[in-house]
Amino acid sequence: MELKLLRAFVEVVRQGGFSKAAETLFATQSTVSKAIKQLEEELGIPLIERFKKRSVPTAAGEIVYRRGIKLLADHDDLFKELDDVRGLKQGRLRLGIAPVGASTLFAPLFARYNQRYPGIEVELMEHGGVKLAECLRAGEIDFAGTLLTISEEFDSQLIRSEPLVALLASSHPLAKRPSISLLELKDTPFILFGSGFALHRIILDASHRAGFEPKVVAQSSQIDFMLELVAAGLGVAFLPRMIAREKSNPQIFFPLLEGDAFQWNMAMTWRRDAYLSDAAKAWLALVREVHVAS
């Protein structure tokens with residue numbers, strides 16, 4: 001059913017006749033008559049009873065009129081909403097972020113984005129980098145804030161690059177050194193993020209390259225809990241220097257980890273072949289505005 005036929009029918013019923021409907025539609029009376037006839041033929045039932053001075057809907061016409069008003073209103077609303085989306089007055093942005101560094105790096109961006117586009121709904125998902133990559137690949141999120149990837153299926157915008165540090169209790173013999181190698185920590189138990197976090201893989205891979213298998217005494221996604229374990233002398237944890245400084249604790253020292261492998265490169269990542277909505281494009285533009293300039 002063509003909407004223009006339905007619109008002509010609704011106007012005939014609303015105006016009570018063909019001539020007035022034609023005036024409202026800026027069409028000829030003949031064009032309106034043909035539209036009603038075509039609609040009746042398509043539906044296989046008369047819709048209008050024609051009298052000398054007035055045209056009224058049949059029983060079937062009453063149904064089509066009632067439904068038609070709603071269909072036309074929904075059609076008009078659809079385009080109004082699309083115009084709002086194009087104008088960034090409404091829409092949805094789906095973001096996945098990792099817990100490490102999220103509040104520092106992304107909270108200010110969220111605040112600025114919301115200030116500019118208050119009608120855009122932001123959906124947040126928090127996972128480790130491995131899970132976020134899966135969600136991104138499946139199209140469940142528009143962007144993921146993860147450690148920089150070299151996978152060809154993703155594009156990335158670097159947000160922050162920080163060296164990794166080893167967090168040690170003040171009583172540890174290596175704690176007050178400005179920097180240490182990972183190999184020097186082979187006899188110290190490791191406190192790691194869970195296996196779904198990119199930092200977990202980075203530390204274990206580096207340990208294997210250094211020729212040892214670390215003793216992992218705890219795995220967690222909670223930074224504060226990991227720091228409590230470090231302060232209690234249970235072992236060594238690893239964080240970007242930026243986060244370690246934010247979580248400053250007089251009982252914990254954090255010497256730099258020596259080596260090029262220990263660089264934490266946080267990026268905003270998206271699928272290379274993905275369709276980016278206007279809301280998503282606006283987010284990416286803001287990320288580049290803030291972090292490329294900084």
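Partly exposed is the label for a relative accessible area between the buried limit, under 20%, and the exposed limit, over 50%. Keep those cut-offs at hand. The model is predicted. It holds 15 salt bridges, and the stops below visit some of them.

**Stop 1: helix α4.** Select D74 and K70. Their side chains form a salt bridge, with N to O at 3.0 Å. Why are they about one helical turn apart? Both sit in helix α4 (residues 59-86), and they are 4 residues apart there. Now check accessibility. D74 has 37% relative accessibility, so D74 is partly exposed. K70 reaches 53%, so K70 counts as exposed.

**Stop 2: a loop and a strand.** Select D142 and R94. Again the side chains meet in a salt bridge, at 3.0 Å from N to O. D142 belongs to the loop between α6 (129-137) and β5 (143-147), while R94 belongs to strand β3 (residues 91-97), so this pair ties together parts 48 residues apart in sequence. Is D142 buried or exposed? D142 is buried, because its relative accessible area is 14% and the limit for buried is under 20%.

**Stop 3: K186 and D187.** Select both. Their side chains meet in a salt bridge of 3.6 Å, N to O. K186 is partly exposed, at 40% relative accessibility. D187 is exposed, with a relative accessible area of 67%.

**Stop 4: a network.** Which residues are linked here? Select R112, R116 and E289: salt bridges join them in a network.

Note on methods:
Residues are numbered from 1 along each chain as its sequence is written. This is a predicted model: local features need pLDDT of at least 70, side-chain atom pairs count only at pLDDT 80 or more; totals for chains, interfaces and linings use all residues. Side-chain values use heavy atoms; hydrogens and water are left out. A salt bridge is a side-chain nitrogen of Lys or Arg within 4 Å of a carboxyl oxygen of Asp or Glu. Helices (H or I, at least four residues) and strands (E, at least two) are DSSP runs, numbered from the N terminus. Buried means under 20% relative accessible area, exposed over 50%, partly exposed in between (1.4 Å probe, protein chains only).
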